[in-house]
Every structure is written in structure tokens, then in C-alpha cells.
Amino acid sequence: MIELINVTKTYANGVDVLLNVNLHIGKEEFIFIVGPSGAGKTSLMKLLYREERPTVGQVIVDRVNVVELNADQIPYLRRNIGVVFQDYKLLPKRTVFENVAFALRVTGAPRSTIRRKAMQSLELVGMLRRANAFPEQLSGGEKQRACIARAIVNNPPILLADEPTGNLDPTTSWDIIQLLDKINRRHTTVLVATHNKNIVDDMKRRVVALESGRVVRDQQLGGYNV
Amino acid sequence: MFSNLEFFLVEALRSFRRGALMTVVAIGTITVALVIFGFFLLLVVNLSNIVGTFSSKMDIAAYVESDISLANAGVLQLKLSKIPGVLKVDFISKTEAWRNLKQEFGTSLNLGEIIVGNPLPHTFNITVRTPELLSSVAKQVAGFQNIDEVRYSGKLIDQIQSLVSAVRIGGAALVILISFATLLIVVNTIRLTVLARETDISIMKLVGATNTFVKWPFIIEGILIGVIGGFLSFVILKLSYDTIISRISAALPFLPVVTNQTLLTGVYIVMILGGTALGMLGAYISVTRILKAEV
């Protein structure tokens, strides 16, 4: 599903955020990307939805080499990749429903489809009863559920979550990870970048550890540390 | 597509209302810029009209030998009117010229008492199609039999000619310059309204909106701002122009100010359409720049 081949990303100031990274992620896998801040987790995710381009190497997503996509093709790549952010990135002046519907609206979907799919998505994340609330009225966990609802509303085959529990307390964090697991079982490939040790250790999934831009460990049923 | 159009309109109106202050600032800027633009446009139209009127008054006076018969004069008039570039030829008989002259002096001086008989010659007043033709036509007229003397104010014509072209070229340059300045101001003002929504744009891009899709609501908003700005500047300009013109007409009645409604309507339409185009172009340039910066 996802393939990184000899990927190096060097910023203009000469810092290598990713160095010769090779990674293969299969269909419907659930994988943790772990490592300290600045290890390159976020950069790796950004390469996948073409927020950034690698300096060297190839990035294949769903059989498409995303490095070579031109600007007109990027939107269609992103409709196939849901992204969940640590800071949620919800539009503040819109309700939860509108935020979720927004992701469908921009694809030009008809109104009836938008309503049905947005409702389904909100139901899946358990936010149906908060559909008409504004982001500022929500708790952190609710905001993250809304963000996930938006990420999956297009039924993308891939879901990326960058520090999804970074701003949440342990119980809420666990709920969010359970939700991501549930989405994974609905045949979605899920990548979670995190430095939450407890969650990684409890979930016992494939773990890829990054350190200073290099893959230092790739382990099935792994924990946060060796 | 229909549902998209609806979405674009709703989004445009939403942002129009939400960024109330920015919207007012943008409309105000476009209005002020267009009023200045329209003011110069009307100034140029008027100047050009004034010099045009003066230059169109320029004609050739051909004095005829006194002993010509009226019949021969008629034949000569026909011949003169066939010269290429001649618009019309008026015959002013010496009697008529003498009467006119006496009338001009009016009661202040009785010319008939001072001068005995009529010293004036018959005269042809020859109007040419364009001022440039004056000298060449004058030369041809002078070559005709029975023509005693030809007069036209050649030097003055040349000067007025250069004034006309200076006003037209300078006016056009000024209008182009002000258009550019207006566009710059509008682009930068609308840029602020776009920048205020940068988060929205980046989220739209992240969830897979195409650039075209992101652009439309902004362009519609720009058109809306432009139409309102254009209309406001039209109202302001029309009211002030009508006031100024009625004052000038009262004070300087001989000045040929432009009151031709068709021409004025043209200027006002240019302003409203110009405002619309400015708003649209301003929004397009701003949002395109931001989208480029977004990758």
C-alpha cells in the first residue's frame, strides 16, 4: 500500500530530517511510527500526502509514485488519504457536521450524498449527538473524534494520524486509539505517529522507530522500546 | 456543477459577512480608487472636448476679388467644395459681411458714419474635415482664379493640434497609470481578506480541494466587493460631476463642458465594470499567490 525507497529529505539549512529510509507498509496494516521529537515522524507523514517532497528517493502510495505528481493531481491523492492532526485543524466558525461535510463538499459531491456520508462518519466516531456543536464547545477528545470523522468521510484506504493523542489525557487517548483500531478493522491502512509509550506497548502492533531521520527498528508486535 | 455553484456562492457570502471589517475596507478602497480614476477619466474627456471644439472651429477664410459676379462666385463655391478634405464652403457676400461687422460694433460706434461705402470683400468660409488638412487645402484654394487672399491661423492651429495630442496621450497615460495603481491597491486589500482565511485554505487543500475549487468563493467575493465599490463610486462621481458642471456652466458659459449623456453613461459603465473587473482580478491574483505559496 505504501512504499518508501531510499528516501532522504534534506531541508534548505542542510539538516537531514530523513536519511535513506526504506519502508514497506501492506494493505490494512496498523503501524506505529515512534521516536523522539524531531526524529522525522511528521516529515515522513507529510511525504505521503505530498505536503513535502523527498530530496532523494521514491514514495509510492497505492501504486502511485507521489513524488512525480503535478500540482493538479495532488488533490486526488489527498482524497484517498485521511489525515488526523494533533491540533485537530477544525474550522472554528463551523459546526462539527459542517466541518465533516466540508471534506465532501470540496470533492464536489452532491448534497444528499454529503449529508448521508457525514452522518455515517459522525456515528462511527460517536459524535452524532454533538453534530451541531462548534469546535470551541468541544472537549479535546471530542475535537479529535470530529477530526477523525472528517478524515474518514471520503472512505480513504489510508489514514494518517500525527500525534493524535498529543493533547489528550490517558483515558481519552486510549479511546482515540481504540477508535483508530476500529477504523483499521474496517479495511483501512492506519499509520500512527506517536511518542505515547503506554499505548504502543499495550497495542502490540508493528512498530517503526525513527532516530535522527533513520529507521533504527522495524518490529512486528513491538513495544515502544526494544 | 450546480451544487458546486451553490457552495461557492454560500461560501462567498459567508466570508463576505464574516470578515465585515475587511470587506468594508476593501469596498472603501475600491470606491476611493475608482472615484479618482473616474475623476481623471472625466477630466480627460472634458479637456479633449474643449480643445477639440476649438480646433473644429478652425477654418479658412478666402477673400474674393471685388469685381466677381454672384453667378461666378456660385461656380467658384462649387469648385472649392470639390477640393478633397473640404467639409463645406459658406459664401458670405460683402453686404452680409458689412452688416455683421456693423452689428458686432453695435450701438457703441456707428461704422456707417465713419466709413463711406463697403470696404469688405466677398468671403468664402471653408471648413475642412480635419485640422491637419488646413495648410494643404489653403494652398489649393489660393491657386484658384479670382481668389485674392487666403487666411487661416496656421501657427495657432499647430499649437492647438499639439495640445490636443498632448492631452489625449497624456490623458491615456494617466488613465493607464491610475488603473495600475488602483489594481495594486485592490489586490493588496483583497489579499488581506484572503490572508485572513489562510487556515481555511490550507484545510481545504489538505482534504483534497482542487485549486479551482478553492479559488471560486474568493473570486465571487471579489466580484461582489468590486460591484459594490464600482456602484458607490458611480453614485459619488455622478453627484459631484453634475454639481460641478452646473456651477461651471453658470460661471463660464462659453466653456464646452461635456453634458452628452451617452458619453457620461459610457464613463459610468466603464467605472462599474472596471470595479467588477478589479475586484475579480484582485481576488484572483491574491488567491493564486497564496495557493502557490502553499505548494
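At what angle do helix H5 and helix H6 of chain A pack, and how far apart are their axes? The legends below begin with this pair, in a predicted model.

**View 1. Packing of helices H5 and H6 in chain A.** Helix H5 covers residues 140-152 and helix H6 covers residues 170-185; they pack at an angle of about 15 degrees, and their axes are 10 Å apart. Because of that angle, H5(A) is roughly parallel to H6(A). Their crossing is right-handed.

**View 2. Residues in the contact of H5(A) with H6(A).** H5(A) contributes A:Gly140, A:Gly141, A:Gln144, A:Arg145, A:Ile148 and A:Ile152. From H6(A) come A:Thr172, A:Asp175, A:Ile176, A:Leu179 and A:Ile183. Sorted by class, five residues of this contact are nonpolar, four are polar and two are charged.

**View 3. Helix H5(A) and its surroundings.** The 13 residues of H5(A) should span 18 Å at 1.5 Å a residue, which agrees with the 19 Å between its end C-alpha atoms. Ten of these 13 residues are buried, so H5(A) is largely enclosed by the rest of the structure. Among the buried ones are A:Lys143, A:Arg145, A:Cys147, A:Ile148 and A:Arg150. The buried residues of H5(A) pack against strands E6 (81-84) and E7 (158-162) and against helices H3 (96-105), H4 (111-124) and H6 of chain A.

**View 4. Elements of chain B.** Chain B contains ten helices and four strands. Along the sequence, their order is α-α-β-α-β-α-α-β-α-β-α-α-α-α. Of the 295 residues in chain B, 27% are buried. Among contacts in chain B with a separation of 6 or more, 86% join residues 24 or more positions apart.

Note on methods. Residues are numbered from 1 along each chain as its sequence is written. Chains are lettered from A and ligands numbered from 1 in the order in which they are written. This is a predicted model: local features need pLDDT of at least 70, side-chain atom pairs count only at pLDDT 80 or more; totals for chains, interfaces and linings use all residues. Axes are lines fitted to C-alpha atoms, for helices over the stretch in contact, and angles run from 0 to 180 degrees between N-to-C directions. Helices (H or I, at least four residues) and strands (E, at least two) are DSSP runs, numbered from the N terminus. Angles under 35 degrees count as roughly parallel, over 145 as roughly antiparallel, 65 to 115 as roughly perpendicular and the rest as oblique. A crossing is left-handed if the near helix is turned anticlockwise from the far one by less than a right angle, and right-handed if clockwise. Two residues are in contact if their C-beta atoms, placed from the backbone, lie within 7 Å. Ala, Val, Leu, Ile, Met, Phe, Trp, Tyr, Cys and Pro count as nonpolar, Asp, Glu, Lys and Arg as charged, and the others, Gly among them, as polar. A residue is buried if 20 or more other C-beta atoms lie within 10 Å of its own, exposed if 12 or fewer, and partly exposed in between; C-beta atoms are placed from the backbone. The expected span of a helix is 1.5 Å times one less than its number of residues.
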